[in-house]
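This briefing goes through one protein chain by topic. Please have the sequence and the coordinates open while reading.

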Amino acid sequence: SALLVGGTYICLTGLGIGAMIYGAGILGIAVAYTLCRLGFMVAAWVLIRRLGYEIGKMFRWQAVWAGVYFMPAVFFVGILLNINFLTADGLGAGAESGVYAIGYRVAAALFVLVSASLEGVLPALVGVGDNKAAFRQLFFRCCGVFLAGGILAVILVQLLGFWAVVWVFGTDYIGAVVAVKVLGWILPALL
């Protein structure tokens, strides 16, 4: 799951940068996003079908229910960030929302990248659920890995945030650097 999600975002980043360099505009970015999502869907479908045959027919229903149980956490994070964005838009009468939107998207994208392997962790925890010592050990190891990933993301945002914002959005959105750096700090807490 982590490789699939990470690969999708790496492809999306490359195609998006290519679209900007060649002047394809918003349509080029939309095409890049569509191609990457279609590639993700096909790869996921192939992997699930292959695993489904190995595990049995019940795997499909278990995968669906596991995904449903996982959805509220991701949905909550998305809603929380959108509420913050709408609040900034309302309080700033639209003036601050552009720079905040950039920070919000960076934080959301980094959260998805760092937490992409949660779908793999949950079944592993369920698998050792009867053994409390093994469950506790795996749980705290996973917490450490996600915390380390969040801290690494914060460090990268602090070091590269300015250059990334200026390169992608230009100097007109230099105010977004502060939003990107501040919002980057929420990653360890969310993870």
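Threonine 8 has a relative accessibility of 8%, under the 20% limit, and therefore counts as buried. The model is a predicted one. Threonine 8 belongs to helix H1, which covers residues 2–21. Leaving aside residues up to four places away in sequence, threonine 8 touches Cys36 and Phe40.

**Overall fold**

- The chain contains eight helices and zero strands.
- Its pattern along the sequence is accordingly written α-α-α-α-α-α-α-α.
- The chain has 191 residues, of which 26% count as buried.
- Of the contacts between residues at least 6 apart in sequence, 63% join residues at least 24 apart.
- The accessible surface of the chain is about 12500 Å², and carbon and sulfur atoms account for 75% of that surface.

**Nonpolar cores**

- In soluble globular proteins, nonpolar side chains tend to be buried together.
- In this chain the largest nonpolar core consists of ten residues: Val77, Leu81, Tyr100, Tyr104, Ala107, Ala108, Phe111, Ala153, Leu183 and Leu187.
- Helix H3 (58–91) and helix H4 (97–114) are the elements that give two or more residues to this core.
- H4 supplies the largest share of this core, with five residues.
- Another core, of seven residues, lies apart from the largest one, and its members include Ile102, Val157, Val165 and Val180.
- Leucine 187, a member of the largest core, touches Ala107, Leu110, Phe111, Gly150 and Ala153 when residues up to four places away in sequence are not counted.

**Helix H7**

- Which residues of helix H7 are buried? In this helix, residues 176–184, they are Ala176, Val177, Ala179, Val180, Leu183 and Gly184.
- Viewed down the axis of H7, these buried residues fall within an arc of 165°, so they line one face of the helix.
- Val178 and Val182 are exposed on the other side of H7.
- An α-helix has 3.6 residues a turn, so residues three or four places apart point the same way.

**Aromatic pairs**

- Four aromatic pairs are found in a search of the whole structure.
- For phenylalanine 139 and phenylalanine 140, the ring centres are 5.4 Å apart and the planes stand at 75°, so this pair is edge-to-face.
- Phenylalanine 139 has a relative accessible area of 34% and is partly exposed.
- Phenylalanine 140 has a relative accessible area of 53%, which is over the 50% limit, so this residue is exposed.
- For phenylalanine 162 and tryptophan 163, the ring centres are 4.8 Å apart and the planes stand at 85°, which makes this pair edge-to-face as well.
- Phenylalanine 162 counts as partly exposed because its relative accessibility is 31%, between the limits of 20% and 50%.
- Tryptophan 163 counts as exposed, with a relative accessibility of 57%.
- One aromatic cluster is formed by Phe135, Phe139 and Phe140.

Note on methods:
Residues numbered from 1 in each chain as written. Predicted model: local features only at pLDDT ≥ 70, side-chain atom pairs only at ≥ 80, totals over all residues. Heavy atoms only, no water. Helix = DSSP H or I, 4+ residues; strand = E, 2+ residues; numbered from the N terminus. Buried < 20%, exposed > 50% of the residue type's maximum accessible area, 1.4 Å probe, protein only. Contact = heavy atoms within 4.5 Å. Areas by Shrake-Rupley, 256 points an atom, 1.4 Å probe, with all protein chains shown as cover. Core = buried A, V, L, I, M, F, W, Y, C linked by side-chain atoms within 4.5 Å. Arc of directions from axis to C-beta. Phe/Tyr/Trp six-rings, centres within 6.5 Å; stacked < 30°, edge-to-face > 60°.
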